[in-house]
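Open the structure in your viewer and keep the selection tool ready.

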Amino acid sequence: MSLKKIAAIAVAGLMSVGVVASVAQDFVAPTTAEEAMAAREMLMKQNGALLKSAGALTGAEAETAMQSLIDNYTHIPAVFPEGSNIGDSEALPAIWENWDAFTAIAETGRAAAADGLAAAQAGDADAYGAAIKAIGATCGTCHKQYRS
């Protein structure tokens, strides 16, 4: 069994018990720099896991994955409050120096995930695949500009 298929099964299993969805729905904005770093690390790891497995998902699992990505992209500005670039953070100061551009990338990712949700709901595999690629490109764009 391929690693991609194993990851897809693992994420689908988590989604089936609502773990991924409940994390996104229960989001509470961090109040300290340490909380912000922990929240964004969890959010980014979750996004990575969702994207790695999303191509193998269909139906309700695909819809849940896209909704989780929508929620996570919506929360990105909240997990990068000014002053949270502490410790081993890989966040570059350019985030806060170019806040509008940074949040525009997050909005682009959210919009791509919304397109993915609509495609999953419609059963349009081609549009769903295109949305996954667009989301991945958004991640790459942001990491190139704002991550050390």
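**Stop one: the largest pocket**

Start with α3 (33-54), α6 and α7: each supplies at least two residues of the lining of the largest pocket. Helices here are DSSP runs (H or I, at least four residues), numbered from the N terminus. The model is predicted, so local features need pLDDT of at least 70 and side-chain atom pairs count only at pLDDT 80 or more, while totals for chains, interfaces and linings use all residues. Residues are numbered from 1 along each chain as its sequence is written, and side-chain values use heavy atoms, leaving out hydrogens and water.

The largest pocket holds about 580 Å³ of space. A pocket is an open set of points on a 1 Å grid over the protein atoms alone, where a 1.4 Å probe fits, with protein on both sides within 12 Å along at least five of seven lines; lining residues have an atom within 4 Å of a point. The volume is the space filled by probe spheres set on the points.

Select Arg 40, Met 44, Phe 80, His 143 and Arg 147: of the 25 lining residues, these are the closest to the pocket's centre. Now colour α3, which gives the largest share of the lining, eight residues.

**Stop two: α6 and α7**

Select 99-122 for α6 and 125-146 for α7. Their axes (lines fitted to C-alpha atoms over the stretch in contact) lie 8 Å apart, at an angle of about 165 degrees. That makes α6 roughly antiparallel to α7 (an angle over 145 degrees). Zoom in on the contact (heavy atoms within 4.5 Å). Among its residues are Phe 102 and Ile 105 in α6, and Tyr 128 and Ile 135 in α7.

**Stop three: α3 and α4**

Finish on the contact: show Leu 43, Leu 50 and Leu 51 of α3, with Met 66, Leu 69 and Tyr 73 of α4, among others.

How values were computed. Axes fitted to C-alpha atoms, helices over the stretch in contact; angles between N-to-C directions. Parallel < 35°, antiparallel > 145°, perpendicular 65-115°, else oblique.
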